[in-house]
Amino acid sequence: MASNASRGGRDFRVAALFEALRASEQQGDAPADWGRFYEEGHPGGFLGPVALRGAASAGLGLRAARRLRRGELLLLERSWALGPRGAEVPEASAQLVSACCRKLRDAATPQLEKAVFRCLHPGEGGRDEGFRQSVFNEYLRHLKCGARGSESSDLGPVTERVGAIVKANSRKTEHWDPWTLLLRDTEAVGGLWLVASLFNHSCLGNVVITYANNKDGSVALVARAAVDIEKDEELLHTYVYPFDTVLERRSRLQASYGFSCTCTRCSLEAPHAEAAGRLADNLESELQHFSAARGMGARPSDMAAVVKKMRSALARIDDAAESLPADSRQMWRSQFLWGDHGLAMAAQEVGLFAEAVEAFERCLALARLAAPSSEYELKYAMMLAQCLARWRLSAAPKNVPQNQEVLKKAMRSAEEAHDRLYGGGGRHFLTRMKRRLEDIYAALRR
Ligand SMILES: C[S@@+](CC[C@H](N)C(=O)[O-])C[C@H]1O[C@@H](n2cnc3c(N)ncnc32)[C@H](O)[C@@H]1O
């Protein structure tokens, strides 16, 4: 049954969407030079083979309009509103809500964008999902082909629940330092992107997102296919840190987005959640012991003893994985990737390079499985290559371990992961990772 909104409201609201889109920036060009894009940003936008997916249990969403290859560009979108850079969460959220309110009041904001923003909340635009769907469809259609409709600017009374819309749809940008491979928190900014707001969540996403700062102060969001995707398959992004335990991921999703995740990973991990929690607590305390020992400048033999305990904590996790069906063990194991990371760093620090390499290899395999084509895959591919290089550099020339091919292969694998995430081929990789590659070049010359 049609609601009031769809009976009385559809025409003028959809017309308003057209009008606003006509006035909005040009969409449709992907940057030719991705290296430059991530340095300078991009003023325009691009909408690839993406279509709206009708309402289901997770509400509206996006789907592949055709078969997609991994690494393929899906969306390039300018931020609609931004909060302050590097601020603490409550302050950043409050300011983002204010920024959205200003956009909604501003006569210069296209009416269509205002309508789309209102429709980001499932309760808005009438209780009719069909209406929301038509608004988004018009928006996507416009982004694709610049269609225009009849003129109208009457959006009706302003009833936005801006705070709730921002809570469920804002995202924090991530800027990875190519040198440290760590997130730069001072660069992070909370923002809202209208189309990207339609990606639903899965703890095993098939879409990866990166960001670039535009010269005008806005932030460009880039979404790419993380894996090969079939036509009509839903496009899903991971809203939370993918290597937390299932209970941690679920409680974050509930607190921030108001739903309990039932994705394939959660369904696999949930029956063993309590045991995973205990194992994670134990692992974490061993990692803390290592940090404390390092902080106190412990002797190498003491450090080696702490590393041994970390190894035992991970061995207990591997034993627990043995009780699961063989084809789900690795996925379950991905909840503890951070432990392998800790062991790899610690082993590298005390000169146990063979063990460090093995641990980085595990990190990479787990990242590829649970977060394919993500920053994490790239990060561990780089860390592995760098650890191999340091190992070669640490040994006397006649005892150099492994042949060069192993290191070259690790480099190629990092370059390929970079390309899937950031595009632009080898030159872009070499420019972005310049300093990070110094040890690797030195090791290749040995
Ligand atoms: C960024 S919006 C995504 C678009 C949204 N589905 C809509 O209809 O506008 C986030 C909201 O979508 C819903 N959602 C996203 N992923 C979900 C999932 N895996 N299961 C259930 N609800 C989900 C939740 O209501 C969440 O607060």
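1. E9 and E10 form a hairpin with five residues between them. Glycine 217, in the turn, has a positive phi of about 95°. Helices (H or I, at least four residues) and strands (E, at least two) are DSSP runs, numbered from the N terminus.

2. This is a predicted model: local features need pLDDT of at least 70, side-chain atom pairs count only at pLDDT 80 or more, and totals for chains, interfaces and linings use all residues. Residues are numbered from 1 along each chain as its sequence is written.

3. E10 pairs on two sides of the record of bridges (strands pair if DSSP finds at least two bridges between them). Seven bridges join E9 (residues 207-213) to E10, antiparallel. Five bridges join E4 (residues 73-78) to E10, also antiparallel. Alanine 220 in E10 is the bridge partner of alanine 212 and stands opposite arginine 78.

4. Seven of the seven residues of E10 (residues 219-225) are buried, so the strand is largely enclosed by the rest of the structure. Buried means 20 or more other C-beta atoms within 10 Å of the residue's own, with C-beta atoms placed from the backbone. Val219, Leu221, Ala223 and Ala225 point one way; Ala220, Val222 and Arg224 point the other.

5. Helix H14 (residues 375-394) has 17 of its 20 residues buried, so it too is largely enclosed.

6. Glu415, His418, Asp419 and Tyr422 in H15 meet Gly425, Gly426, His428 and Phe429 in H16. Contact here means C-beta atoms, placed from the backbone, within 7 Å.

Terms used. A residue is buried if 20 or more other C-beta atoms lie within 10 Å of its own, exposed if 12 or fewer, and partly exposed in between; C-beta atoms are placed from the backbone. Two residues are in contact if their C-beta atoms, placed from the backbone, lie within 7 Å.
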